[in-house]
Structures are given as structure tokens and as C-alpha cells.
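Colleague: I'd like to learn how to read packing in a model such as this one. Could you walk me through it?

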Number of protein chains: 2
Amino acid sequence: MKPAVAAVDWGTSSFRLWLLDAAGMVLAERRSGEGMLTASAEGFGPILEKHLAAAGASEILPAIICGMAGARQGWIEAPYVTLPAGLDGILAGAVPVPGQGLGQGGGQPREIRILPGLAQRSAETPDVMRGEETQLAGLLPLFASGRHVICMPGTHSKWVEAEDGVISGFRTWLTGELFSVLSTQSILRHSLGENAAPPLPDTPAFVAACAEALGQGGDIGPSLFRIRAATLLNDLAPEDASATLSGLLIGAEIASARRMFNPPANKVILVASGPLGSLYAAALKLAGCTVLAADADEAVRAGLFEAAKRLGWMGADSTGPASESLAP
Amino acid sequence: MKPAVAAVDWGTSSFRLWLLDAAGMVLAERRSGEGMLTASAEGFGPILEKHLAAAGASEILPAIICGMAGARQGWIEAPYVTLPAGLDGILAGAVPVPGQGLGQGGGQPREIRILPGLAQRSAETPDVMRGEETQLAGLLPLFASGRHVICMPGTHSKWVEAEDGVISGFRTWLTGELFSVLSTQSILRHSLGENAAPPLPDTPAFVAACAEALGQGGDIGPSLFRIRAATLLNDLAPEDASATLSGLLIGAEIASARRMFNPPANKVILVASGPLGSLYAAALKLAGCTVLAADADEAVRAGLFEAAKRLGWMGADSTGPASESLAP
């Protein structure tokens with residue numbers, strides 16, 4: 001099959017590109033660390049073109065992008081869409097990169113659009129996301145009707161509330177970033193050592209810490225330093241210290257978010273990939289939740305593909321892979 | 001008056017020395033950043049002698065030390081005293097620095113002792129302190145009878161429970177360290193900027209954030225990223241971002257610690273100095289607590305002096321300044 005569109009998830013510190021055919025299937029993939037921080041210095045256009053060329057894309061293949069490339073300090077600002085937002089609003093908010101798709105210069109440069117993020121404009125609880133809204137766009141079949149709560153773990157974990165397919169609210173927990181700064185910059189680094197591998201979901205120290213955080217309603221204030229004390233007094237092993245910190249932070253996030261969003265029938269749609277998805281699935285089950293897991297990578301591809309369809313890039317009769325993003 | 005003892009509070013990153021007379025009054029003071037981290041590299045003895053000489057101390061003036069100099073990675077390990085611990089136990093646990101006070105070499109070297117820390121040896125809630133136990137020793141008159149709860153804010157805030165003058169339990173909150181790593185290492189640094197001055201206790205953003213954290217029972221998980229979002233969406237000023245982070249963290253600590261220690265009659269003995277003391281006093285009052293404030297510097301001097309008395313260094317009839325550490 002021939003590529004129909006280049007789909008790009010451009011985060012703060014990561015770049016991922018897929019060439020998709022007209023049915024949304026992946027024909028090629030590129031991953032690098034050239035996120036917004038790198039691209040702001042080296043140029044977004046050159047980095048994108050380098051990866052498109054390496055993936056074998058033609059010069060006129062259109063590209064749809066989500067994530068921090070649309071931030072004010074990114075390539076072109078794609079202003080936030082304000083809540084409540086339907087996915088039509090998100091997909092319609094795509095901003096063209098000027099000088100592209102206009103037939104300037106030799107040949108016909110490709111068309112490039114950047115999707116907007118979402119903003120919860122509120123004096124008390126302002127919040128923003130960039131990238132997750134595109135995953136949500138790819139997962140619409142999962143929450144098209146009724147009220148749903150969606151957990152999207154990461155450096156900045158998002159919990160999202162959707163009603164009849166409209167995003168009505170969300171909040172952000174710094175869980176991943178807290179793990180990072182506490183494990184490398186705080187006194188806890190002496191307990192965790194260089195051990196950076198995530199724990200397995202059935203690691204006893206992870207399960208115990210998660211259960212503790214849940215049992216305390218998320219109050220892990222006095223539990224963090226305990227990791228250090230357990231190293232000094234009880235010879236806590238570094239891998240157990242790391243699993244404990246992970247369990248405490250994830251358990252605290254879930255306790256806090258459940259209280260805030262009160263998922264109907266305790267059902268949570270979990271959008272994640274890899275080891276983090278397994279840890280959250282285990283923690284959510286410990287919390288008594290039913291988990292409907294969706295793959296975050298598939299979701300963002302489906303959302304980008306859906307946006308390309310709405311832009312008319314796929315032809316009128318194309319069908320998307322959105323429903324494939326449901327995991328069993 | 002002639003110096004009777006050198007009293008030293010030797011922390012991880014700070015060194016403070018006072019020459020005290022036989023009544024415990026301060027005759028000279030030295031402060032530097034030559035804490036354990038520096039002294040481990042440059043030698044504890046040379047740094048102590050340099051400051052003693054600069055303060056005009058004689059070669060035989062005895063020195064009593066508390067803090068991280070007694071840690072395993074310090075000068076000489078002063079093993080933790082295990083809870084429940086009376087102050088006699090703490091003061092009796094002073095460890096002599098070998099080769100001092102033995103008349104070796106030319107002249108008569110000074111006698112030097114290092115006070116032990118406290119350990120809560122427990123599988124579930126292990127905890128340790130080094131330095132605060134000496135402040136507590138200096139404050140005994142405040143909690144000699146009945147049950148009391150003591151708040152000792154700092155990089156690692158300690159909340160202590162004492163019954164009839166015996167330390168029965170304590171826990172540690174990473175509040176100061178969390179402020180430090182979040183404000184300099186996390187995404188929140190973009191919101192706080194270089195603004196490092198602590199807020200005033202009546203700063204509206206501090207008061208509001210503190211009240212919010214207290215109202216949410218200490219659950220500030222989703223409130224931290226809100227600082228970043230408020231910068232992006234609502235133009236939150238850096239000084240208000242800093243005051244908000246400070247209020248959230250202090251409020252969360254107080255909510256958590258109150259639930260855990262349930263202070264009798266909501267009375268909390270607050271042991272702190274400077275701006276941090278004022279912030280905690282304001283936050284504790286917001287939480288509905290009655291605050292009995294004691295100065296941390298005076299407390300540690302009183303504790304060190306009390307230890308010197310127990311060692312017989314002051315003569316039999318000396319009286320201490322312990323009661324002076326009560327602030328109005």
C-alpha cells in the first residue's frame with residue numbers, strides 16, 4: 001500500500017512519526033528524542049523532513065501533527081480549544097504551517113497541520129493538555145455515549161471526564177515527574193540508587209505501597225521519607241525502594257482522582273502503553289476499579305488519522321482504525 | 001564572661017557554632033555552609049578548630065555537637081537512640097570523638113562529644129532524626145507532663161509526639177525538599193522563575209493555597225500542575241506561583257500530620273526560626289490550631305547546653321537557659 005498521510009506525535013522530548021495508508025495501517029515508523037526542546041533549537045521543518053525522507057515519504061505526502069509542536073514555544077501555535085469540547089472541535093482546530101501546501105518554490109511542498117490542545121479555563125482549576133486530546137479523538141468509540149472517566153498516565157498524568165462524547169473536564173497529576181525528581185534529585189536517591197527499571201505489577205513492594213496509598217486516601221506525605229528511613233534502619237533494597245516510591249505515587253494519584261471523578265460503576269478507561277500501562281492496570285484493580293485498557297500509541301495514530309480524514313486528505317470513503325485501538 | 005563550652009549544630013549543609021558561658025548565654029557565634037557534605041571531604045576536625053580559633057576559644061574548651069556529624073557518613077557515628085526515648089537517654093548517648101580529651105600530643109586537646117539521633121524502629125513506619133532531638137532536649141519544660149504534639153518544619157519537617165517528657169513517636173514530611181526540587185527541577189520552575197524569596201504569611205496566594213490544601217485534607221495531587229496551567233491561561237505571576245506552591249505543601253503537611261497525631265486541644269508546639277516559622281504559624285492558625293512558638297536556634301543551644309551540664313562540664317550548680325527558649 002501507498003502512504004496516504006504522515007502522522008506525527010511531537011512531544012516535549014520525543015518525536016514519533018508513522019506513515020499510514022488510506023485505511024490507517026502503519027507502513028513505516030520513526031522514533032527519536034528530537035522533541036520540542038531539540039526542535040526549538042534545530043528547527044521543526046528540517047527535523048520533520050529528515051525523518052520523512054528516511055521513512056521514504058514523497059515530497060507531497062501531507063503531515064498531521066499533535067503535541068508540543070503546537071505550543072506557543074513550538075513550531076506554530078495551535079491555540080487551545082476550550083472545554084467543553086467535542087472531538088469535532090479538536091479536529092477542526094488544526095492549524096496549517098505557513099509556507100507549506102501553497103505550491104511555493106520548486107515542486108509542491110507538502111501540506112502540514114498541527115492539532116490544538118485543550119484548555120480548561122477556570123479560575124479555580126485551570127488545566128491544559130497537548131497530545132492527549134488526539135488520543136481521545138482516536139478513542140471516541142469507547143466513550144461516545146454516557147459518562148466515562150479516562151486515565152492517561154505519564155509524566156503528567158491526565159484524568160478526563162467525558163459525557164456523550166464531549167470532554168467536560170480534566171485534571172493533571174505530576175506523578176511521572178514526581179517519580180523522576182524524587183528518585184534523582186531528593187534524599188530518596190540514596191535509597192533508590194541507579195536502579196531505574198520500573199517494577200513489575202506484582203512486585204510485593206509495589207503492591208504494598210500502592211495499597212497503603214489507597215488505604216490512606218492518597219496521603220503519602222509521611223510515607224516518602226520512610227523509604228529513606230527503611231534503608232537506614234531496615235536495609236531496604238534499592239529495587240524495593242524504587243517499587244515503593246512508584247506504588248506510593250501511583251496509588252496516591254488513583255485515590256485522589258477517583259475521589260474527584262467518581263467513575264460510574266468504578267469503570268476506568270486506561271490509555272497507556274508498555275510497563276506503565278501494566279502498573280496502572282494493577283493499581284486500578286487494587287483500587288477496586290474495572291479497567292478497560294486502550295493502547296496509547298494506537299490511540300494517537302487513530303486520532304491523527306481521524307483528523308486527516310476530516311481534512312479530506314483520505315478521500316471521501318476512507319475508513320479509520322479508530323475501533324482497533326480497543327485492547328481486549 | 002568566660003566561655004564554658006562550644007555548642008555546635010552540624011547539619012548536612014550548614015555549620016553553626018556558639019560559645020556559651022556557664023549560664024548558657026551566647027558569647028560568640030559562627031555560621032558557615034561547611035556542613036557534613038563539605039566536612040566529609042575536608043575533615044571535621046580542621047573545620048571545627050578553624051571556627052573555634054576564629055571565635056577565640058581556648059585549646060581546652062570542650063565542644064558538644066549535634067546533627068549529621070554523628071551520622072554513619074559523618075565524623076564519628078553516634079548510634080540512634082531507639083524510641084520511646086527520654087531526654088536522659090538522648091543526652092547520655094553522647095559519643096566521644098577518639099583522640100580528643102586524652103592529653104595526647106602537645107598540650108591537652110579539648111574534649112568533644114557528639115549527640116545521637118533518634119530512631120523509630122518499626123517495620124511499618126521507620127523514621128529517623130538527627131539534630132531535632134537536641135532541640136527537643138532544650139524544650140523539655142514545654143512538654144514535661146501530659147501529651148503534646150510538636151511541629152519542627154524544615155527541609156524534612158518532623159512532627160513529634162511526646163508523653164510526660166518522653167518522645168513516643170514521630171514522622172517526617174519532605175515539605176522543604178519538595179518545594180526545592182519542584183521549584184527548580186520540575187515543569188513548575190517555568191512558573192516560579194528565579195523568584196526564591198519565601199512569601200509573607202499574609203500573602204493572599206499563600207493563604208488561599210494553604211486553605212485549599214487544608215480543605216482537601218491535604219490532597220494536593222491535582223493542584224500542583226494547576227500552577228503551571230494558571231501561568232499559561234491566567235498569567236499567574238511568579239511570586240504568586242511560588243506562594244501557591246509554598247501554601248499547598250505546608251497546608252498538605254499540616255492536614256496530614258494533624259490527622260495522624262491529633263494534637264490535644266488542637267495545640268501545637270511550633271519549633272522554627274525566621275520566615276519559615278511565620279509561615280507555619282499562619283498555616284497552623286488557618287487549620288484551627290493554637291500555636292505555642294519556640295525558637296529553633298535557642299532550642300538547639302539549650303539542648304546542647306543541657307547535654308554539657310549532664311556531662312559535668314559546667315560544674316554542679318550551673319543553671320541552663322532551657323526555659324528561655326519559650327517565645328511569647
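Colleague: How many residues does the largest nonpolar core have, and which have the most contacts inside it?

Modeller: Keep in mind that this is a predicted model. Its largest nonpolar core has 44 residues, and L188(A) and L188(B) have the most contacts inside it. Elements giving two or more residues to this core are α6, α8, α9 and α10 of chain A, together with α6, α8, α9 and α10 of chain B.

Colleague: Which residues is L188(A) in contact with, leaving aside its neighbours within four places in sequence?

Modeller: Within chain A, L188(A) touches L182(A), L224(A), F225(A), I227(A), R228(A) and L245(A). From chain B, L174(B) is also in contact with L188(A).

Colleague: Now a helix pair. At what angle do the axes of α8(A) and α10(A) cross?

Modeller: Start with the general idea: an α-helix has 3.6 residues a turn, so residues three or four places apart point the same way. Here, the axes of α8(A) (residues 204-215) and α10(A) (residues 238-261) cross at roughly 30° and come within 7 Å. Their crossing is right-handed. Among the residues that meet are A205(A), A209(A) and A213(A) in α8(A), and A243(A), G247(A) and G251(A) in α10(A). By class, this contact has 12 nonpolar, 4 polar and 2 charged residues.

Colleague: And what span does α11(B) reach from its first C-alpha to its last?

Modeller: With 13 residues (274-286), α11(B) reaches 19 Å, close to the 18 Å expected at 1.5 Å a residue. Its buried residues include G277(B), Y280(B), A281(B) and L284(B). Just after α11(B), G288(B) takes a positive phi of about 85°.

Technical notes
Residues numbered from 1 in each chain as written. Chains lettered and ligands numbered in written order. Predicted model: local features only at pLDDT ≥ 70, side-chain atom pairs only at ≥ 80, totals over all residues. Heavy atoms only, no water. Helix = DSSP H or I, 4+ residues; strand = E, 2+ residues; numbered from the N terminus. Expected span 1.5 Å × (residues − 1). Buried < 20%, exposed > 50% of the residue type's maximum accessible area, 1.4 Å probe, protein only. Axes fitted to C-alpha atoms, helices over the stretch in contact; angles between N-to-C directions. Left-handed = near helix turned anticlockwise from the far one by under 90°. Contact = heavy atoms within 4.5 Å. Nonpolar A, V, L, I, M, F, W, Y, C, P; charged D, E, K, R; others polar. Core = buried A, V, L, I, M, F, W, Y, C linked by side-chain atoms within 4.5 Å.
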